[in-house]
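Please look over the sequence and the structure shown here before turning to the points below.

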Amino acid sequence: MAYYKSTDKSELEAYNNLVAEAENYDGVKTVRWASIYSHPNGLDFAIKKHPTYSVTELTEVEKLGSEWFPSEDI
Amino acid sequence: MLGLGLSITIGGVITPYYVVVANAFRDRVEADGGTVESMSCLKKDLKVLNPVKPTVYKGLLNYYSGAAAAYSLRLLDNTYTGDVISVRNASTGQSTDIGFANNELDVAALETFCNGADGYVTAWYDQSGNNKHMFQSDAASQPKIVSSGTVIKDGNNKPVVEFEETVGQWMEVETSIGLTVNFLLTAVVTPTTNTNTWGVLLNGATADNRIRLYQNNTGQVRLSGTIYNYVASLSIGSLNVLSFQRTNTTSLEAYTNGVQKLNTTLSSAWSQIINRLGANHADPPAADHFLSAKVSELIAWDDTTDRAGVETNINDFY
């Protein structure tokens, strides 16, 4: 599962809306494409990339590293 | 016996077989020039010969009632009148509820609805009567149940809900469910890999309570922050019946396919253990904690329900 990254959260929200509208989600059982991840540094954001919808403005990465997720005892 | 309790349909009317036999007997007697003194007596006599009673379906919860939450693709309680799941058609974007046919998921209705497309689960309804339904409203995280129009099934040809680690699919209840002094939690799961990083089966509202099935056949339970690892001995690609039980205030036992794999001391309740299925507590969940498995059933009782009896029922069905 690839992701789009950005320092501008609104860009990812726009991508979310683009996918939701194109996929015709009913807004009740399915309300959006995906949740937006916030990096612990507070500066970076990411969202899952839909396999059908690509945008050139966003940076694509293959996966999010462990630094994106708060550490916890395992 | 003659099987007189069966029925047949004549001209659109369902007729008990003993009536058919009585009428045939009368016709034969009359054809030979005789008469039947009383048809009502004849029918009554024939009915008594084989009083077959209609079979009433009983689900697992009819035998082991009082579940705190119960998710399955089979009917668990014959008094439950709701649906099994809600599914989104990936082509149209629209969702619909799917019910039961012959006490199991209505596969034909589901495949008709998906019409060749993939289908994703938006809701898995709680059959316990406690309305602890599981939901997933993010399309990217909804587990899959139909692939290109065909319902995904396990090796026993039963439908399953598929959670893929690499996609990150999971579900969540609106209000977490806690288990207190004595409890039994059973899951029918087909792991699809033995290499996933931190596959979470169930997670509470915090990191302190969870069940993991992850790499190298490791099982892990975490209760109020204390971790217990054990060798789960899972059969990858095959159906496994997992049970977690506490029958007194001081021990927790974990079983795989009826064999005890963990027996450890504990003294606390399993607070809010049922919050998420397939992901950890983080929001959004950590990408390396997703489950790699197909899930058929998950039931929890907050009491001393008979584990062996429940497992027998599960094995008989699956």
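The points that follow are grouped by topic. The structure is a predicted model. Chain A has one helix and four strands, while the domain assignment of chain B gives two domains, domain 1 (7-49) and domain 2 (60-317).

**Chain A: fold and dimensions**

- Along the sequence, the elements of chain A are arranged in the pattern β-α-β-β-β.
- The C-alpha trace of chain A spans about 40 × 30 × 20 Å along its principal axes.
- Chain A contains 74 residues, and 42% of them are buried.
- Taking the contacts in chain A between residues at least 6 apart in sequence, 68% join residues at least 24 apart.

**Chain B: domains**

- The bounds of domain 1 of chain B are residues 7-49, and those of domain 2 of chain B are residues 60-317.
- The centres of domain 1 and domain 2 of chain B, taken over C-alpha atoms, are separated by 53 Å.

**Chain B: helix 2**

- Helix 2 of chain B covers residues 39-49, and its buried residues are Met39(B), Leu42(B) and Leu46(B).
- An α-helix has 3.6 residues a turn, so residues three or four places apart point the same way.
- The buried residues of helix 2 of chain B pack against helix 1 (17-31) of chain B.
- Exposed residues Ser40(B), Lys44(B), Asp45(B) and Val48(B) sit on the face of helix 2 of chain B that is turned away from its buried side.

**Chain B: Thr264(B)**

- Thr264(B) belongs to strand 21 of chain B, which comprises residues 259-265.
- The relative accessible area of Thr264(B) is 16%; this residue therefore counts as buried, a term that applies under 20%.
- Leaving aside residues up to four places away in sequence, Thr264(B) touches Tyr228(B), Thr250(B), Ser251(B) and Leu252(B).
- One of these contacts, Leu252(B), is 12 residues from Thr264(B) in sequence, and the C-alpha atoms of Leu252(B) and Thr264(B) are 5.3 Å apart in space.

Note on methods: Residues numbered from 1 in each chain as written. Chains lettered and ligands numbered in written order. Predicted model: local features only at pLDDT ≥ 70, side-chain atom pairs only at ≥ 80, totals over all residues. Heavy atoms only, no water. Buried < 20%, exposed > 50% of the residue type's maximum accessible area, 1.4 Å probe, protein only. Helix = DSSP H or I, 4+ residues; strand = E, 2+ residues; numbered from the N terminus. Contact = heavy atoms within 4.5 Å. Domains from an automatic or database assignment.
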